Amino acid sequence: MLIKEGNFNRNERGVLVALLLLMLCALFVNLGIYPLYLEEPRRGLIALEMTFQDNLLVPTQTGDLYYRKPPFYNWLIILSYQIFGGYSEFATRIVSVVSALLTAAVIYKFFKTKIGNRLAVYSALSYVACVDILFYFSMIGEIDLFYALITFLVIVVIYHFGKREQYWSLFLLAYSFSAIGFLTKGLTSLPFLAISLLVFFIYEKKFKMLFSLQHIVSILVFFALLAGYFYAYSLHEDPSGWYTTLFSESAEKAVGGGFSALLKHVALFPFITMANLLPVTFFIPILFVKRVRMALLSNRLMVFFGLLFIANFVLYWFSVEAKSRYIYPLFPLIITFLLYGLQKTDAVWVQKYGKAITLFLLSLATLVFPAMFFVKELSVVDHLIPIVIGLELLMIVLWWLYRKKGIEGYMIILGVLLVLRLGYSFTVPVTRQKSSGAAEDKALGLRIAEITKGESLHRLGDVRMSLTIVYYIEAEREAVLYQTDALTDGYYFVYTEGLPATHYTVIEAFHYHNEPIYLIRVNKD
């Protein structure tokens with residue numbers, strides 16, 4: 001069987017503990033050794049500037065007002081910096097890792113009494129093991145995993161308290177979490193909340209509760225929480241930029257790109273989502289088994305999850321700029337839906353199919369690790385031979401557990417993915433640390449910070465450069481890189497047309513988007 005009924009036996013519990021330890025190692029190994037890149041430096045930079053300016057209400061980027069994301073996630077990064085005592089890469093990224101682990105814990109706690117301990121554990125592990133989360137978003141300091149945690153909690157409290165008819169708790173908690181979601185990512189929290197409430201109360205045939213006192217008061221609490229932040233913001237800056245930016249950004253994501261872009265998105269989005277949901281999407285074919293469909297349709301929780309997933313998914317399916325990560329809060333729903341169906345069938349073809357998937361993944365991973373020796377980019381990894389030997393030994397253990405100890409297939413599949421991620425953690429971060437473009441930007445930023453420490457440093461006009469460079473400059477100098485329109489004595493980043501006629505020295509020259517940028521020192525004495 002791929003997934004048995006009942007609780008874990010003694011051997012399975014031992015393997016499960018080992019998998020949990022393996023997961024923690026895989027998530028944390030080398031998490032802080034490589035430079036911030038992509039959107040990471042933006043999140044860290046905004047946190048730095050709120051700290052340096054002693055103002056937690058007004059997010060800025062290189063001193064300019066920043067409206068695209070409210071600051072709640074940046075507050076968590078600031079807290080992490082304080083806990084870990086510095087502006088490190090590890091402190092920037094750990095919020096994402098902890099968010100993924102907390103979401104797994106919520107999944108387990110929520111499902112344990114509803115579908116059994118075994119499926120609850122597998123659902124929790126499968127969320128972290130989704131390839132997009134395991135191999136990408138759990139390795140970067142981005143908003144999405146924290147936002148998924150908050151939004152999934154909205155779904156949990158709606159169902160948990162709704163089934164108990166504790167409507168004050170339902171509405172107040174759902175709207176409070178949605179307010180946090182809004183202050184994290186903006187307007188996207190509203191459709192998740194509205195659709196989830198509609199689906200639940202229509203399915204439970206209690207539509208009138210949407211017009212109840214509890215709901216009305218909770219809506220007022222939601223707006224009061226948001227109004228409290230924006231009022232506090234207005235004491236420092238004009239908040240009108242928030243309204244135009246948040247609405248225009250949401251509209252652009254929904255309809256930007258035109259009809260051809262919409263058609264392309266509609267065609268590809270389901271397949272991208274299925275790819276990012278692996279390994280559970282291997283088992284979508286079980287939905288063609290009549291017994292599986294009957295088991296799912298006879299379980300009201302599974303039907304609710306199916307309806308909720310479809311209703312929310314459709315919104316993003318027809319939003320041109322939507323990314324698969326936007327629906328992370330829905331991942332636990334479809335994961336549990338498929339795993340529940342998988343447990344409810346003993347069809348011979350399903351067992352053969354599951355065995356083939358398990359053996360394929362075991363064989364693939366076993367061959368992947370020796371192949372590391374032939375990957376040119378991995379030549380910079382120290383101790384590659386013992387790393388590969390250790391990973392191969394782990395694969396041998398998984399083979400032994402599957403073939404000799406009878407450990408069920410799905411647990412082995414999770415084990416294979418975690419070993420693969422461990423290998424990824426031992427190697428890819430090292431290449432990013434030593435030979436990536438971000439590594440070059442970090443080195444340049446640190447060099448400039450050392451040169452200019454204790455001196456004035458500005459951007460002349462609207463000079464734009466890699467945010468990785470800016471992050472390390474600001475983190476080392478503990479000062480915001482402000483813009484200025486006038487040259488006096490000190491250091492400046494300038495474009496070619498901004499170079500003065502005299503009284504300057506070029507300290508560094510580099511490019512950003514093929515545009516030359518110069519660090520100059522001006523001395524008019």
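This report walks through salt bridges, a helix crossing, a surface patch and a few individual residues in the structure above.

The model is predicted, so a few ground rules apply: local features need pLDDT of at least 70, side-chain atom pairs count only at pLDDT 80 or more, and totals for chains, interfaces and linings use all residues. Residues are numbered from 1 along each chain as its sequence is written, and side-chain values use heavy atoms, with hydrogens and water left out.

**Salt bridges**

Side chains of opposite charge can pair when their charged atoms come close. Here, a salt bridge is a side-chain nitrogen of Lys or Arg within 4 Å of a carboxyl oxygen of Asp or Glu. By that rule there are 22 salt bridges. The table picks out three of them.

| Pair | Closest N to O distance |
|---|---|
| Lys4 and Glu12 | 3.1 Å |
| Asp64 and Arg459 | 3.4 Å |

How exposed are the partners? Some terms first: buried means under 20% relative accessible area, exposed means over 50%, and partly exposed is in between (1.4 Å probe, protein chains only). Accessible areas come from the Shrake-Rupley method, and for residues only the protein chains shown count as cover.

Start with the Lys4 pair. Lys4 is partly exposed at 26%, while Glu12 is buried at 2%. These two also belong to a network of salt bridges that links Lys4, Glu12, Arg118 and Glu408.

Next, Asp64 and Arg459 form a salt bridge. Asp64 sits in strand E2 (residues 64–65) and Arg459 in strand E3 (residues 457–460), so this pair ties together parts that are 395 residues apart in sequence. Helices and strands here are DSSP runs numbered from the N terminus (helices are H or I with at least four residues, strands are E with at least two). Asp64 is partly exposed, with a relative accessible area of 23%, whereas Arg459 is buried at 1%.

Asp346 lies in the loop between helix H15 (331–343) and helix H16 (348–371), and Arg291 lies in helix H13 (residues 290–297), so the pair ties together parts that are 55 residues apart in sequence. Asp346 is partly exposed, at 48% relative accessible area.

How do H2 and H3 lie relative to each other, parallel or perpendicular? The axes of helix H2 (residues 40–52) and helix H3 (residues 72–84) come within 9 Å and cross at roughly 70 degrees. That makes H2 roughly perpendicular to H3, a label that covers angles of 65 to 115 degrees. The axes are lines fitted to C-alpha atoms over the stretch in contact, and angles run from 0 to 180 degrees between N-to-C directions. Contact means heavy atoms within 4.5 Å. On the H2 side the contacting residues include Arg43, Ile46 and Leu48, and on the H3 side they include Tyr73, Trp75 and Tyr81.

**A few residues up close**

Thr62 is in the loop between strand E1 (60–61) and E2, and it is buried at 4% relative accessible area. Not counting residues up to four places away in sequence, Thr62 touches, among others, Leu45, Glu49, Arg459, Arg464 and Tyr482.

Leu330 is in the loop between helix H14 (300–317) and H15, and is buried at 0%. Leaving aside neighbours within four places in sequence, Leu330 is in contact with Ile155, Phe192, Phe309, Asn312 and Phe313. Its C-alpha atom is 8.3 Å from that of Leu308, which is 22 residues away along the chain.

Ile158, in helix H7 (residues 144–163), is buried too, at 1%. Apart from neighbours within four places in sequence, Ile158 is in contact with Leu170, Ala174, Ser196, Leu197 and Phe200.

Leu359 lies in helix H16 and is partly exposed, at 23%. With neighbours within four places in sequence set aside, Leu359 is in contact with Trp399, Tyr402 and Arg403. Leu359 and Arg403 are 44 residues apart in sequence and 10.0 Å apart in space, C-alpha to C-alpha.

**A nonpolar patch**

Which residues make the nonpolar surface patch of about 680 Å²? They are Phe373, Phe374, Ile385, Ile389, Leu393 and Ile396. Patches are made of residues with over 30% relative accessible area and no salt bridge, where like charges are joined within 9 Å and nonpolar side chains (Val, Leu, Ile, Met, Phe, Trp, Tyr) within 5 Å. Ile396 is in helix H17 (residues 384–403) and counts as exposed at 52% relative accessibility.

Note on methods. Accessible areas come from the Shrake-Rupley method with a 1.4 Å probe; for residues, only the protein chains shown count as cover. Angles under 35 degrees count as roughly parallel, over 145 as roughly antiparallel, 65 to 115 as roughly perpendicular and the rest as oblique.
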